[in-house]
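This report looks at pockets and charged pairs in one protein model. Please keep the structure open while reading.

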Amino acid sequence: MGQGTSFGELLRRYRKTYQYNCTQTEIAELFGYSKETISSWEQGRRFPAHHEIARLAQLMGLDAQEVRDAIQIGHVRVHVDRELDKTPLAHDDLSIARSPLFLESEQESDAMNKQRRELLRLLSTSGIALALPLNDVLGAINFEEETFTLYEDLLAMGWEATWRGGIEQFAPRFNRQLGRLVTLADKSPITEQEQWQTLLCRYYQLATRFAQRQMKTRQALYDAQSGIELAVQLDNAELIASAYFWRARLHLEQKHLSLARDDVDAALTCVDRIRAPLKGNIYLVAAEVYADGSENSEHVKTQCDRWHEKVANLVYTGGIENDESFVKLNITTTQHERAKTLIQLHRFKEARHELNTAWKTLSPDLVIWRINLSLTEARLFFAEKDIEGSAQSAIEALKIAKALNAQDKVSQAHSLYLQLKEYAANNSYVCNLGMQLDVC
């Protein structure tokens, strides 16, 4: 890469030399993005997110640092051009490169620095290893790109908390940053507004998940609707699909099947334009939603099998790369979600096989998934009329849920207890579950 080459120039050069001058549409299909995204990158109106750098470098046959440097050069050019437009300084006056961008007063600059300091403190105390001491890092932050990257890192950490536990400690600080991100997205320059709004949309989706996990249903629905409206406004297929996916999950948990099916149907309209992790998860939740209450419908059984087959093709052909939705698609996810659907369809033997495979492939660090598998196992035992097995599995799930203060999982264990109590109120295992829940 030549000295001073921006990412837009780098991408355009790659496109012009790849297979004898391919079009933006062709390179978009090859890379898995929209033509609009490729166009905006080449024109320097937008830039790839931090977590996309490694993948793009691999696709282009470059070192990740080369791509990272090219992106930074693009940002510098945009910011310097903007400052030159605003301030009649000589071109060799480098002080403009240190001026806080899109800030209009010293008070605003102080507020931004305070916000950045809080973000950095949150990241450093949550397990993110910073390459420099805090003061050095603060001194290096001159562009809003660094703030954007911090928000990206915070988003990734939030999703990690949903899988490994720690939502109760993380959520309050995350929600404060969400409020500030709304303001940042609103005040961002027109050339970067889509990038900030896209990030905000993903924040709303994680906020939906946090509120759902904390059993704050009204807040979850508000955040979900905000995410959907913003995704539709941005006309981004992946954002639209993931926004409807998470609200479908919320409606399913609340047993609002009609609303869940509406959202699943909306998400399914986007599957041909999104990448494998989100696509597979949409197929899985579609099967679960439509299977509920449809155990006697051969049409539904056939459709669910087709969806499951599509997911299996995605998973077992390999090569799945993470997308920007933060959903996971692996053998554990696939087998567990299939087991849940098969229980609904009263295909218990198949469900047992799928669940056993999910247990065998479960990564030990995904603590929340361990709760989910135990709860599903409890439901399967109950469907098989094994009261003691169901109560024991529910107790295992409850122990971890209590340790993590996962209130939604405790609530699910309580619902299982009420079902078990109807069948065998005096069973010692059921009574033990009741005592663990402090209701017996």
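## Salt bridges

A salt bridge is a side-chain nitrogen of Lys or Arg within 4 Å of a carboxyl oxygen of Asp or Glu. Side chains of opposite charge can pair when their charged atoms come close. The model described here is predicted. A search of the whole structure finds 24 salt bridges.

One of them joins the side chains of Arg15 and Glu42, at 2.6 Å from N to O. Arg15 belongs to helix α1 (residues 7–17) and Glu42 to helix α3, so this pair ties together parts that are 27 residues apart in sequence. Buried means under 20% relative accessible area. Arg15 counts as buried because its relative accessibility is 8%, and Glu42 counts as buried at 6%.

## The largest pocket

The largest pocket has a volume of about 1,500 Å³. Its lining is made up of 48 residues, and Glu253, Glu288, Lys340, Arg379 and Gln412 lie nearest its centre. Elements that give two or more residues to this lining include α12 (237–253), α14 (276–291) and α18 (367–383). The most comes from α18, which gives nine residues. By type, the lining residues divide into 17 nonpolar, 17 polar and 14 charged.

Glu288 also takes part in a salt bridge with Arg249, with the closest N and O atoms 3.0 Å apart. This pair links distant parts of the chain, since Glu288 is in helix α14 and Arg249 in helix α12, 39 residues apart. Glu288 counts as buried at 8% relative accessibility, and Arg249 counts as buried at 12%.

## The second largest pocket

The second largest pocket has a volume of about 1,200 Å³. It is lined by 43 residues, and those nearest its centre are Glu52, Arg202, Glu238, Arg275 and Glu324. Two or more lining residues come from each of α3 (35–42), α8, α10 and α12. Here α8 gives the most, with seven residues. The lining residues divide into 16 nonpolar, nine polar and 18 charged.

Which residue forms a salt bridge with Arg275? The partner is Glu324, and the closest N and O atoms are 3.3 Å apart. Arg275 sits in the loop between α13 (257–268) and α14, while Glu324 sits in the loop between α15 (298–316) and α16, 49 residues apart. Both Arg275 and Glu324 are buried. Salt bridges that share partners join Arg202, Glu238, Arg275 and Glu324 into one network.

## Cysteines

A search of the whole structure finds zero disulfides. Cys201 counts as buried, at 0% relative accessibility. Cys431 counts as partly exposed, at 22% relative accessibility.

Methods. Residues numbered from 1 in each chain as written. Predicted model: local features only at pLDDT ≥ 70, side-chain atom pairs only at ≥ 80, totals over all residues. Heavy atoms only, no water. 1 Å grid on protein atoms, 1.4 Å probe; cavity = no way out; pocket = protein on both sides within 12 Å on 5 of 7 lines; lining within 4 Å. Points joined across faces, edges and corners; volume = space filled by probe spheres on them. Helix = DSSP H or I, 4+ residues; strand = E, 2+ residues; numbered from the N terminus. Nonpolar A, V, L, I, M, F, W, Y, C, P; charged D, E, K, R; others polar. Disulfide = S-S within 2.5 Å. Buried < 20%, exposed > 50% of the residue type's maximum accessible area, 1.4 Å probe, protein only.
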